[in-house]
Amino acid sequence: MNAEEKIVDYLLWHACAGDNIQMPKPNSFVYYFPQGHAEHTLADVVFPEMMSPCILCKVIDVQFLVRSEADGIYAKIYLGPVKEKEQESLVAKMPVVVSNRHSKFVKKLSATEAQGTYLIVDREKAETMFPPVQDSNDPSSYIMMKAKDINGQDWEFKHLYEKGRKRHKLTAGWTAFVNAKRLVKGDTVIFSKTENADLRVGVIKARSGMGKVRPEDVITAASLAVAGREFEVAYYPHAATPEFVVKASLVDAAQRAWMAGMTVRMEVDNETWQTGIVTSAEALDPIRWPESPWRSLKVKFNFIVLFINIKLDY
């Protein structure tokens with residue numbers, strides 16, 4: 001670990017990563033997809049030889065990290081290739097993250113909010129998460145509130161309620177936060193509330209993580225995996241590409257004879273599922289990865305065609 005890396009609390013990391021991110025647990029079994037790993041480089045990774053499209057591994061350890069620059073969160077996953085599954089009786093326990101619609105406020109910033117002096121907050125979220133404004137009928141009434149970021153730094157914001165427009169705003173302190181985090185239009189800010197009612201604040205940079213993985217790191221990891229040696233990978237949850245370390249039971253369950261016309265369901269979030277129809281089932285790159293299940297299904301969801309990974313419920 002270098003000086004820029006800092007281990008952070010898993011629950012806070014998860015709040016900033018998003019509910020759809022599923023991280024593997026130590027001592028669990030996963031499949032490593034070199035083809036998916038290569039997508040994180042934004043480059044055409046040329047592997048030295050043909051290799052297995054997915055390699056069964058046991059998770060040795062997972063570190064949840066942040067770089068001080070722009071609160072960039074990521075994880076290091078340490079993997080050991082295995083020939084067959086052993087009993088998963090020693091799976092390390094991680095805190096269970098329970099989704100709660102009142103526990104988090106997530107907002108993608110508009111140009112005004114990224115460049116201006118205030119953040120508009122949904123009324124329901126403000127009233128359930130933030131310290132209440134003492135007299136909402138008094139236009140000059142406000143309360144100062146504090147929130148801790150993923151680096152442990154406290155930020156103070158002025159929370160007020162505009163009765164005329166019936167909206168909550170964060171004003172004083174917002175500009176300093178925007179400048180320090182180098183936020184721009186399209187970035188996302190997250191406020192979450194702990195069980196102790198403490199506020200946490202995080203940011204998601206638009207397309208953060210893309211291109212941060214070097215092609216040579218992918219080749220090294222894949223080569224070690226094929227050789228049966230332990231290796232590590234860096235995973236950026238906001239890189240806008242699927243996880244390339246996938247729970248083994250999910251991959252095994254999806255290994256079937258897929259055909260056009262089959263109906264599938266895909267989880268969009270903790271409360272929403274989308275139903276779609278398989279339009280084709282074939283290798284994404286039949287030359288270099290002829291037997292790879294990675295992005296092998298083409299599915300039509302509500303008249304929108306998407307390429308998806310094999311992580312499906314059917």
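Helices (H or I, at least four residues) and strands (E, at least two) are DSSP runs, numbered from the N terminus. The structure is a predicted model, in which local features need pLDDT of at least 70, side-chain atom pairs count only at pLDDT 80 or more, and totals for chains, interfaces and linings use all residues. Residues are numbered from 1 along each chain as its sequence is written, and side-chain values use heavy atoms, with hydrogens and water left out.

K193 is found in strand 10, which spans residues 188-193. Its relative accessibility is 32%, so K193 counts as partly exposed. Here buried means under 20% relative accessible area, exposed means over 50%, and partly exposed lies in between (1.4 Å probe, protein chains only). K193 and K104 are 89 residues apart in sequence. In space, 6.5 Å separates K193 from K104, C-alpha to C-alpha. Leaving aside residues up to four places away in sequence, K193 touches S103, T128, M129, D198 and L199. Contact means heavy atoms within 4.5 Å. A polar atom of the K193 side chain also lies 3.2 Å from the backbone oxygen of T128.

Strand 9 covers residues 167-170. R167 and K169 point one way from this strand, while H168 and L170 point the other way. All four are buried. In a regular strand the side chains alternate between the two faces of the sheet. Strand 9 pairs with strand 6 (residues 119-121) in the antiparallel sense, over three bridges. It also pairs with strand 8 (residues 154-162), again antiparallel, over four bridges. Two strands pair if DSSP finds at least two bridges between them. K169 takes part on both sides: I120 stands opposite K169, and K169 is the bridge partner of L160. The hairpin of strand 8 and strand 9 has four residues between the strands. In this hairpin, K166 takes a positive phi near 55 degrees.

Two further positive phi values occur at arginines. Most residues other than glycine have a negative phi, and most peptide bonds are trans. R182 has a positive phi of about 55 degrees. It lies in the loop between helix 5 (174-181) and strand 10. R182 is exposed, with a relative accessible area of 56%. R295 has a positive phi of about 50 degrees. Its place is in the loop between strand 15 (272-281) and strand 16 (297-301). R295 is buried, at a relative accessible area of 17%.

The largest nonpolar core has 48 residues. A nonpolar core is a set of buried Ala, Val, Leu, Ile, Met, Phe, Trp, Tyr and Cys residues joined through side-chain atoms within 4.5 Å. W13, M23, Y32, I77 and L79 have the most contacts inside the largest core. Elements that each supply at least two residues include helix 1 (10-17), strand 3 (55-67), strand 4 (72-81) and helix 6 (215-226). Strand 3 gives the largest share, eight residues. Among the residues that W13 touches are I21, M23, F64, L65, I150 and P237. A second, separate core of 22 residues includes A114, M145, A147 and F191.

A search of the whole structure finds zero disulfides. A disulfide is a pair of cysteine sulfur atoms within 2.5 Å. The sulfur of C54 is 10.0 Å from its closest cysteine sulfur, in C57, which is too far for a bond. Both residues are buried: C54 has a relative accessible area of 18%, and C57 has one of 0%.

Notes:
Polar contact = N/O pair within 3.5 Å; in protein donor to acceptor, adjacent residues only side chain to side chain.
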